[in-house]
Amino acid sequence: MSRRRSAPGQGTRPRSGRLLPATALAATLLTAGAVVVDLARPQALEPVRDVVAGATAPVRQLVAGEEGRVRTLTAERDALAAEVARLREQVRRHEQLGELDDRVVDDGHRLLPARVVGFSPATSPVGGRTVTVDVGRDDGVGTDLTVVSADGLVGRVLRVADASADVLLVGDPGVVVGVRYGADGALGSVTVDAPPGLPAREPGRLTLTALGDLPPVVGDEVSTLGSPDDRPYVAGVPLGVVVAVDPDRGQLGRTAVVRPHVDTATLDLVAVVLPDGGGPR
């Protein structure tokens, strides 16, 4: 009678796969035996305990070694995840700085990158609507310098400390920005308040007032006009887009609703626009 032979890879288990269960079983039997001896003859416990400890030592060492290996692999995985997150943040920061360079900087200016590290609430009774950035006097920052993000105008530096600065946002009620709008570069000004007789603007919306006879139209891009010595605003920084035009009520200058390009609620990486080679003033 012939014996049926198992196919390769079937019916057999690697020796290493049988070692740990077999050893564990033996250790269990020895431990059970020690319990029986402990109940029957307490005075004989010490010798048996020594035998059990010697027999189970390899199992304990094997388990401890596996636990140590798991801890090592877990620590290596966590370290790699942290490094990946750090590199992704560097790439994101580099991309944002590239966008800032493309949209804002022209000859005679340079950008000082900064991170927003604090803010005042919109309902703050003093100090205006501000954010705090992590650069200051020691970095060459002075008051009345323009602050931008990759999307456009953020505001101007209001107060400066050695290692930080407060930035007054464009949406503050006390801020008026001279602007150009439309393809012809017509002159106007932007504030947060709606004209008398009109409902208050939606949160985040601004008011454009034309200073000439050319009325704004929906879709007009709005950018900064610029200030003497570029303080507080350099020229040509994107500010927003016209999304609605107010009714003509015979006012001196037509008005329109502007949606800012910058969402001040999500500010992160910004930059202070410094004069080339300039410092605080």
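This is a predicted model: local features need pLDDT of at least 70, side-chain atom pairs count only at pLDDT 80 or more; totals for chains, interfaces and linings use all residues.

Modeller: Residues are numbered from 1 along each chain as its sequence is written, and side-chain values use heavy atoms, with hydrogens and water left out.

Colleague: Which residues touch the most other members of the largest nonpolar core?

Modeller: A nonpolar core is a set of buried Ala, Val, Leu, Ile, Met, Phe, Trp, Tyr and Cys residues joined through side-chain atoms within 4.5 Å; buried means under 20% relative accessible area, exposed over 50%, and partly exposed in between (1.4 Å probe, protein chains only). Here the largest core has 25 residues, and Val 177, Leu 208, Val 222 and Leu 239 touch the most other members. A second, separate core of 20 residues includes Val 116 and Leu 145.

Colleague: What is Val 222 in contact with, beyond its neighbours within four places in sequence?

Modeller: Contact means heavy atoms within 4.5 Å. The partners of Val 222 include Val 179, Leu 208, Leu 239 and Val 258.

Colleague: Is Ser 227 buried or exposed?

Modeller: Ser 227 is counted as buried because its relative accessible area is 18%. Beyond its neighbours within four places in sequence, Ser 227 is in contact with Pro 232 and Tyr 233.

Colleague: And is Leu 211 buried or exposed?

Modeller: Leu 211 has a relative accessible area of 61%, so Leu 211 is classed as exposed.
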